[in-house]
Amino acid sequence: MWNLPVLPRVHQPRRLVIVTSGGDSPGMNSAIRAIVRSAIHQGIGVLGSDRGYTGLVDDELRPMNTASVGNILHRGGTVLKSDRCDAFRQPDIRARVARQLRERQVDGLIVIGGDGSLTGAHLLATETGLPVVGLPGTIDNDISGTEDTIGFDTAVNTALEAIDRIRDTAHSHERVFLVEVMGRSSGFIALAVGLAGGAEAILLPDCRVDLPGLVRRLNLSKRRGKNSSLLVVAEGHDPRLTSRLAEQLSENGHQARACILGHIQRGGSPTGHDRLLASALGASAVDHLCAGHSDIMLGIQRGVITAVPLDEVAGRSKPLPTGILELAHILAN
Ligand code: ADP
(Lines give C-alpha, C1' and ligand atoms only; values in the text may rest on other atoms or scores of the structure.)
Protein backbone atom coordinates (compact mmCIF):
# COMPACT_ATOMS: atom_id res chain seq x y z
CA MET A 1 0.00 0.00 0.00
CA TRP A 2 1.12 3.54 -0.65
CA ASN A 3 0.70 6.81 1.21
CA LEU A 4 -1.51 9.15 -0.78
CA PRO A 5 0.39 12.44 -1.09
CA VAL A 6 -1.50 15.40 0.36
CA LEU A 7 -1.25 18.27 -2.11
CA PRO A 8 -2.15 21.97 -1.85
CA ARG A 9 -5.39 22.71 -3.65
CA VAL A 10 -4.81 25.72 -5.89
CA HIS A 11 -7.27 25.10 -8.70
CA GLN A 12 -10.77 23.71 -9.13
CA PRO A 13 -11.06 22.07 -12.58
CA ARG A 14 -14.57 22.35 -14.02
CA ARG A 15 -14.45 19.19 -16.06
CA LEU A 16 -11.87 16.56 -16.73
CA VAL A 17 -11.68 13.88 -19.38
CA ILE A 18 -10.41 10.31 -18.97
CA VAL A 19 -8.67 8.56 -21.87
CA THR A 20 -7.65 4.87 -21.94
CA SER A 21 -5.34 4.33 -24.88
CA GLY A 22 -3.07 1.77 -26.53
CA GLY A 23 -3.08 -1.84 -25.32
CA ASP A 24 -5.68 -2.46 -22.62
CA SER A 25 -4.52 -3.68 -19.23
CA PRO A 26 -6.30 -5.14 -16.19
CA GLY A 27 -6.88 -2.37 -13.66
CA MET A 28 -7.74 0.35 -16.15
CA ASN A 29 -11.36 0.10 -14.97
CA SER A 30 -10.30 0.39 -11.34
CA ALA A 31 -8.44 3.59 -12.26
CA ILE A 32 -11.45 4.98 -14.16
CA ARG A 33 -13.67 4.31 -11.15
CA ALA A 34 -11.23 6.01 -8.77
CA ILE A 35 -10.89 9.08 -11.00
CA VAL A 36 -14.65 9.48 -11.52
CA ARG A 37 -15.58 9.06 -7.87
CA SER A 38 -12.71 11.18 -6.52
CA ALA A 39 -13.49 13.96 -8.99
CA ILE A 40 -17.22 13.95 -8.26
CA HIS A 41 -16.43 13.96 -4.53
CA GLN A 42 -14.49 17.19 -5.18
CA GLY A 43 -17.24 18.78 -7.29
CA ILE A 44 -15.53 18.21 -10.66
CA GLY A 45 -17.44 16.96 -13.70
CA VAL A 46 -16.06 13.97 -15.64
CA LEU A 47 -16.29 12.89 -19.27
CA GLY A 48 -14.94 9.66 -20.74
CA SER A 49 -13.34 9.61 -24.17
CA ASP A 50 -14.72 6.84 -26.34
CA ARG A 51 -11.95 4.59 -27.78
CA GLY A 52 -8.80 6.33 -26.62
CA TYR A 53 -7.58 9.35 -28.54
CA THR A 54 -10.14 8.60 -31.28
CA GLY A 55 -12.85 9.90 -28.93
CA LEU A 56 -10.95 13.19 -28.49
CA VAL A 57 -10.40 13.59 -32.23
CA ASP A 58 -14.03 12.77 -33.10
CA ASP A 59 -15.35 14.72 -30.08
CA GLU A 60 -17.08 11.63 -28.76
CA LEU A 61 -17.12 12.14 -25.02
CA ARG A 62 -19.61 10.64 -22.64
CA PRO A 63 -20.60 12.08 -19.26
CA MET A 64 -19.63 9.84 -16.38
CA ASN A 65 -21.11 9.70 -12.92
CA THR A 66 -20.88 7.58 -9.81
CA ALA A 67 -23.34 5.05 -11.20
CA SER A 68 -21.60 4.69 -14.55
CA VAL A 69 -18.53 3.24 -12.85
CA GLY A 70 -20.49 0.85 -10.63
CA ASN A 71 -19.52 -2.82 -10.81
CA ILE A 72 -16.39 -2.29 -12.93
CA LEU A 73 -13.65 -2.40 -10.27
CA HIS A 74 -13.04 -6.12 -10.82
CA ARG A 75 -13.42 -6.24 -14.59
CA GLY A 76 -10.49 -6.47 -17.01
CA GLY A 77 -10.17 -4.32 -20.14
CA THR A 78 -11.57 -0.80 -20.19
CA VAL A 79 -15.22 0.25 -20.25
CA LEU A 80 -14.18 3.34 -22.22
CA LYS A 81 -12.66 1.07 -24.92
CA SER A 82 -9.22 1.61 -26.37
CA ASP A 83 -7.88 2.22 -29.83
CA ARG A 84 -4.81 3.13 -31.82
CA CYS A 85 -5.38 6.57 -33.33
CA ASP A 86 -2.93 7.64 -36.03
CA ALA A 87 -4.60 11.05 -36.49
CA PHE A 88 -3.53 12.05 -32.97
CA ARG A 89 0.11 11.88 -34.09
CA GLN A 90 -0.42 15.09 -36.10
CA PRO A 91 0.17 18.43 -34.29
CA ASP A 92 -2.70 20.23 -36.08
CA ILE A 93 -5.12 17.50 -34.97
CA ARG A 94 -3.88 17.82 -31.38
CA ALA A 95 -4.41 21.61 -31.59
CA ARG A 96 -7.99 21.01 -32.80
CA VAL A 97 -8.55 18.50 -29.96
CA ALA A 98 -7.44 21.11 -27.39
CA ARG A 99 -9.82 23.69 -28.91
CA GLN A 100 -12.71 21.22 -28.84
CA LEU A 101 -11.98 20.35 -25.23
CA ARG A 102 -11.81 24.00 -24.16
CA GLU A 103 -15.13 24.66 -25.90
CA ARG A 104 -16.56 21.91 -23.73
CA GLN A 105 -15.07 23.62 -20.68
CA VAL A 106 -12.63 20.79 -20.10
CA ASP A 107 -9.57 21.90 -18.18
CA GLY A 108 -7.93 18.62 -17.26
CA LEU A 109 -7.09 15.34 -18.95
CA ILE A 110 -6.03 12.01 -17.42
CA VAL A 111 -4.50 9.54 -19.87
CA ILE A 112 -4.03 5.89 -18.89
CA GLY A 113 -1.85 3.91 -21.27
CA GLY A 114 1.58 2.77 -22.37
CA ASP A 115 4.59 4.59 -23.73
CA GLY A 116 2.92 5.67 -26.99
CA SER A 117 -0.14 7.03 -25.19
CA LEU A 118 2.05 8.91 -22.69
CA THR A 119 4.06 10.39 -25.57
CA GLY A 120 0.83 11.70 -27.07
CA ALA A 121 -0.18 13.06 -23.65
CA HIS A 122 3.15 14.88 -23.32
CA LEU A 123 2.82 16.47 -26.76
CA LEU A 124 -0.74 17.61 -26.08
CA ALA A 125 0.30 19.19 -22.77
CA THR A 126 3.37 21.00 -24.13
CA GLU A 127 1.85 22.15 -27.42
CA THR A 128 -1.54 23.34 -26.15
CA GLY A 129 -1.06 24.08 -22.44
CA LEU A 130 -3.97 21.81 -21.55
CA PRO A 131 -3.32 20.31 -18.07
CA VAL A 132 -2.55 16.60 -18.54
CA VAL A 133 -1.67 13.84 -16.06
CA GLY A 134 -0.62 10.37 -17.29
CA LEU A 135 -0.93 7.02 -15.54
CA PRO A 136 1.14 3.99 -16.58
CA GLY A 137 -1.34 1.39 -17.84
CA THR A 138 0.31 -1.58 -19.52
CA ILE A 139 0.92 -5.23 -18.72
CA ASP A 140 4.50 -4.85 -19.99
CA ASN A 141 5.88 -2.72 -17.11
CA ASP A 142 8.19 -1.07 -19.65
CA ILE A 143 7.50 2.54 -18.63
CA SER A 144 10.42 4.64 -17.51
CA GLY A 145 10.04 6.54 -14.20
CA THR A 146 7.97 3.90 -12.42
CA GLU A 147 8.73 0.53 -10.91
CA ASP A 148 5.23 -0.73 -11.51
CA THR A 149 2.42 -0.34 -14.03
CA ILE A 150 -1.30 -0.97 -13.84
CA GLY A 151 -1.83 -4.51 -15.17
CA PHE A 152 1.66 -5.96 -14.78
CA ASP A 153 0.91 -7.93 -11.62
CA THR A 154 -2.24 -9.43 -13.13
CA ALA A 155 -0.44 -10.45 -16.33
CA VAL A 156 2.36 -12.09 -14.33
CA ASN A 157 -0.15 -14.02 -12.22
CA THR A 158 -2.14 -15.09 -15.29
CA ALA A 159 1.02 -16.40 -16.94
CA LEU A 160 2.07 -18.16 -13.74
CA GLU A 161 -1.26 -19.92 -13.48
CA ALA A 162 -0.82 -21.18 -17.04
CA ILE A 163 2.77 -22.24 -16.34
CA ASP A 164 1.76 -24.23 -13.26
CA ARG A 165 -0.73 -26.14 -15.43
CA ILE A 166 1.80 -26.71 -18.20
CA ARG A 167 4.30 -27.97 -15.64
CA ASP A 168 1.91 -30.81 -14.73
CA THR A 169 1.96 -32.04 -18.34
CA ALA A 170 5.69 -31.45 -18.73
CA HIS A 171 6.25 -33.58 -15.63
CA SER A 172 3.86 -36.37 -16.65
CA HIS A 173 5.25 -36.66 -20.17
CA GLU A 174 8.87 -35.91 -19.27
CA ARG A 175 9.07 -33.06 -21.72
CA VAL A 176 10.59 -29.65 -22.11
CA PHE A 177 8.05 -26.86 -22.52
CA LEU A 178 8.94 -23.49 -23.97
CA VAL A 179 6.38 -20.99 -22.79
CA GLU A 180 6.28 -17.69 -24.66
CA VAL A 181 5.02 -14.72 -22.67
CA MET A 182 4.08 -11.19 -23.77
CA GLY A 183 6.02 -8.02 -23.06
CA ARG A 184 6.64 -6.47 -26.49
CA SER A 185 10.31 -5.61 -26.79
CA SER A 186 10.88 -5.62 -23.02
CA GLY A 187 11.47 -8.66 -20.84
CA PHE A 188 9.82 -7.68 -17.55
CA ILE A 189 7.03 -10.26 -17.74
CA ALA A 190 9.48 -12.97 -18.82
CA LEU A 191 11.86 -12.20 -15.93
CA ALA A 192 9.11 -12.14 -13.31
CA VAL A 193 7.35 -15.22 -14.62
CA GLY A 194 10.62 -17.09 -15.13
CA LEU A 195 11.78 -16.48 -11.56
CA ALA A 196 8.41 -17.03 -9.89
CA GLY A 197 7.60 -20.02 -12.11
CA GLY A 198 10.91 -21.83 -11.53
CA ALA A 199 11.98 -21.74 -15.17
CA GLU A 200 15.13 -23.61 -16.15
CA ALA A 201 16.07 -20.68 -18.39
CA ILE A 202 14.68 -17.30 -19.37
CA LEU A 203 15.21 -16.08 -22.90
CA LEU A 204 14.91 -12.31 -23.07
CA PRO A 205 13.65 -10.44 -26.16
CA ASP A 206 15.88 -10.78 -29.17
CA CYS A 207 18.74 -12.26 -27.17
CA ARG A 208 21.16 -14.49 -29.07
CA VAL A 209 20.10 -18.02 -28.22
CA ASP A 210 23.02 -20.23 -27.21
CA LEU A 211 21.52 -23.52 -28.41
CA PRO A 212 24.51 -25.74 -27.50
CA GLY A 213 24.61 -24.12 -24.03
CA LEU A 214 20.87 -24.71 -23.57
CA VAL A 215 21.20 -28.36 -24.64
CA ARG A 216 24.15 -28.84 -22.26
CA ARG A 217 22.09 -27.38 -19.42
CA LEU A 218 19.11 -29.63 -20.15
CA ASN A 219 21.42 -32.66 -20.40
CA LEU A 220 22.89 -31.82 -17.01
CA SER A 221 19.42 -31.44 -15.49
CA LYS A 222 18.44 -34.83 -16.91
CA ARG A 223 21.54 -36.49 -15.43
CA ARG A 224 20.58 -35.00 -12.06
CA GLY A 225 17.22 -36.74 -12.36
CA LYS A 226 15.13 -33.80 -13.55
CA ASN A 227 13.20 -35.18 -16.45
CA SER A 228 10.99 -32.23 -17.30
CA SER A 229 11.87 -28.58 -17.74
CA LEU A 230 10.24 -25.29 -18.39
CA LEU A 231 11.81 -22.46 -20.35
CA VAL A 232 10.28 -18.99 -20.48
CA VAL A 233 10.70 -17.11 -23.75
CA ALA A 234 9.91 -13.40 -24.08
CA GLU A 235 8.10 -12.45 -27.25
CA GLY A 236 10.39 -10.45 -29.48
CA HIS A 237 10.62 -9.40 -33.09
CA ASP A 238 10.82 -12.98 -34.36
CA PRO A 239 7.35 -14.54 -34.09
CA ARG A 240 8.68 -18.02 -34.98
CA LEU A 241 11.47 -18.13 -32.40
CA THR A 242 9.71 -20.24 -29.76
CA SER A 243 8.44 -22.95 -32.10
CA ARG A 244 11.77 -23.07 -33.97
CA LEU A 245 13.61 -23.49 -30.69
CA ALA A 246 11.27 -26.32 -29.68
CA GLU A 247 12.09 -28.08 -32.97
CA GLN A 248 15.82 -27.57 -32.45
CA LEU A 249 15.72 -28.94 -28.88
CA SER A 250 13.72 -31.97 -30.11
CA GLU A 251 16.38 -32.58 -32.75
CA ASN A 252 18.95 -32.49 -29.93
CA GLY A 253 17.39 -35.22 -27.84
CA HIS A 254 14.88 -33.27 -25.74
CA GLN A 255 11.19 -33.78 -26.47
CA ALA A 256 10.16 -30.12 -26.56
CA ARG A 257 6.85 -28.35 -27.12
CA ALA A 258 6.11 -24.67 -27.65
CA CYS A 259 3.22 -22.94 -25.92
CA ILE A 260 2.45 -19.33 -26.77
CA LEU A 261 0.29 -17.75 -24.09
CA GLY A 262 -0.69 -14.72 -26.19
CA HIS A 263 -3.64 -12.53 -25.41
CA ILE A 264 -4.90 -14.48 -22.39
CA GLN A 265 -2.31 -12.41 -20.49
CA ARG A 266 -3.95 -9.10 -21.46
CA GLY A 267 -7.41 -9.67 -20.03
CA GLY A 268 -8.91 -10.99 -16.83
CA SER A 269 -9.92 -9.64 -13.49
CA PRO A 270 -7.21 -7.40 -11.99
CA THR A 271 -5.37 -8.73 -8.94
CA GLY A 272 -5.78 -7.00 -5.59
CA HIS A 273 -2.40 -5.35 -6.16
CA ASP A 274 -3.45 -3.85 -9.49
CA ARG A 275 -6.77 -2.67 -8.09
CA LEU A 276 -4.98 -0.92 -5.22
CA LEU A 277 -2.37 0.61 -7.52
CA ALA A 278 -4.98 1.82 -10.01
CA SER A 279 -7.23 3.23 -7.28
CA ALA A 280 -4.37 5.09 -5.59
CA LEU A 281 -2.93 6.49 -8.82
CA GLY A 282 -6.38 7.41 -10.17
CA ALA A 283 -7.35 9.37 -7.05
CA SER A 284 -3.92 10.99 -6.90
CA ALA A 285 -4.16 12.10 -10.54
CA VAL A 286 -7.26 14.16 -9.67
CA ASP A 287 -5.41 15.70 -6.70
CA HIS A 288 -2.47 16.64 -8.94
CA LEU A 289 -4.78 18.41 -11.39
CA CYS A 290 -6.31 20.32 -8.44
CA ALA A 291 -2.77 21.23 -7.34
CA GLY A 292 -2.20 22.82 -10.73
CA HIS A 293 0.27 20.17 -11.94
CA SER A 294 0.53 19.13 -15.56
CA ASP A 295 2.69 17.23 -18.03
CA ILE A 296 3.50 14.58 -15.42
CA MET A 297 3.02 10.84 -14.98
CA LEU A 298 2.29 9.31 -11.60
CA GLY A 299 4.22 6.16 -10.85
CA ILE A 300 5.86 4.26 -8.03
CA GLN A 301 9.47 4.94 -7.06
CA ARG A 302 11.01 3.21 -4.02
CA GLY A 303 7.50 2.32 -2.88
CA VAL A 304 6.22 5.91 -2.99
CA ILE A 305 3.69 7.47 -5.36
CA THR A 306 5.84 9.86 -7.35
CA ALA A 307 5.17 12.47 -10.04
CA VAL A 308 7.64 12.33 -12.93
CA PRO A 309 7.79 14.86 -15.80
CA LEU A 310 6.34 13.20 -18.91
CA ASP A 311 9.41 14.43 -20.73
CA GLU A 312 11.44 11.92 -18.68
CA VAL A 313 9.00 9.12 -19.47
CA ALA A 314 7.97 9.36 -23.11
CA GLY A 315 10.13 7.36 -25.47
CA ARG A 316 12.64 6.38 -22.77
CA SER A 317 13.63 2.79 -22.30
CA LYS A 318 13.61 1.24 -18.85
CA PRO A 319 16.43 -1.11 -17.87
CA LEU A 320 15.58 -4.59 -16.63
CA PRO A 321 16.34 -5.26 -12.96
CA THR A 322 19.80 -6.75 -12.58
CA GLY A 323 20.58 -10.11 -11.04
CA ILE A 324 17.19 -11.74 -11.66
CA LEU A 325 18.34 -13.82 -14.63
CA GLU A 326 21.24 -15.26 -12.65
CA LEU A 327 19.05 -15.85 -9.58
CA ALA A 328 16.49 -17.75 -11.69
CA HIS A 329 19.36 -19.86 -13.02
CA ILE A 330 20.68 -20.68 -9.55
CA LEU A 331 17.26 -21.46 -8.09
CA ALA A 332 16.28 -23.75 -10.97
CA ASN A 333 19.23 -26.08 -10.36
P1 ADP B 1 0.78 2.15 -25.96
O2 ADP B 1 0.23 3.40 -25.37
O3 ADP B 1 0.20 0.93 -25.33
O4 ADP B 1 2.30 2.17 -26.03
P5 ADP B 1 0.67 2.76 -28.83
O6 ADP B 1 2.16 2.91 -28.98
O7 ADP B 1 -0.05 2.06 -29.91
O8 ADP B 1 0.25 2.03 -27.47
O9 ADP B 1 0.08 4.23 -28.70
C10 ADP B 1 -1.30 4.43 -28.48
C11 ADP B 1 -1.74 5.69 -29.14
O12 ADP B 1 -1.00 6.80 -28.61
C13 ADP B 1 -1.48 5.76 -30.64
O14 ADP B 1 -2.48 5.11 -31.39
C15 ADP B 1 -1.49 7.26 -30.87
O16 ADP B 1 -2.82 7.74 -30.90
C17 ADP B 1 -0.82 7.79 -29.60
N18 ADP B 1 0.61 7.97 -29.88
C19 ADP B 1 1.58 7.04 -29.88
N20 ADP B 1 2.77 7.58 -30.21
C21 ADP B 1 2.55 8.90 -30.44
C22 ADP B 1 3.36 9.99 -30.84
N23 ADP B 1 4.66 9.86 -31.06
N24 ADP B 1 2.77 11.20 -30.98
C25 ADP B 1 1.45 11.37 -30.72
N26 ADP B 1 0.64 10.37 -30.36
C27 ADP B 1 1.16 9.15 -30.22
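How much area do domain 1 and domain 2 bury between them, and what percentage of it is on carbon and sulfur atoms? They bury about 1100 Å², 48% of it on carbon and sulfur atoms; buried area here is the accessible area (1.4 Å probe) that two parts lose on being put together, summed over both.

The model is predicted: local features need pLDDT of at least 70, side-chain atom pairs count only at pLDDT 80 or more, and totals for chains, interfaces and linings use all residues. Residues are numbered from 1 along each chain as its sequence is written, and side-chain values use heavy atoms, with hydrogens and water left out.

**View 1. The interface of domain 1 and domain 2.** Domain 1 covers 15–151 + 270–312 and domain 2 covers 153–266, with bounds from an automatic or database domain assignment. Their C-alpha centres are 35 Å apart. Contact (heavy atoms within 4.5 Å) involves 14 residues of domain 1 and twelve of domain 2.

**View 2. The salt bridge of Arg266 and Asp24.** A salt bridge is a side-chain nitrogen of Lys or Arg within 4 Å of a carboxyl oxygen of Asp or Glu. The count between domain 1 and domain 2 is one. In the salt bridge of Arg266 and Asp24, the N to O distance is 3.0 Å. The structure as a whole holds nine salt bridges.

**View 3. The network of Asp50, Arg51 and Arg62.** Salt bridges link these three residues. Between Arg51 and Asp50 the N to O distance is 3.0 Å. By relative accessible area (1.4 Å probe, protein chains only), buried means under 20%, exposed over 50%, and partly exposed in between. Asp50 is buried at 16%, whereas Arg51 is partly exposed at 38%.

**View 4. The salt bridge of Arg165 and Glu161.** The closest N and O atoms of this pair are 3.3 Å apart. Both residues belong to helix H5 (residues 152–173), where being four residues apart separates them by about one helical turn. Helices (H or I, at least four residues) and strands (E, at least two) are DSSP runs, numbered from the N terminus. Arg165 is exposed, at 56%, and Glu161 is partly exposed, at 48%.

**View 5. The salt bridge of Lys226 and Glu200.** Here the closest N and O atoms are 2.9 Å apart. Lys226 sits in the loop between helix H7 (211–223) and strand E8 (229–234), and Glu200 in the loop between helix H6 (188–196) and strand E7 (201–203), so the pair ties together parts 26 residues apart in sequence. Lys226 is partly exposed at 29%, while Glu200 is buried at 2%.
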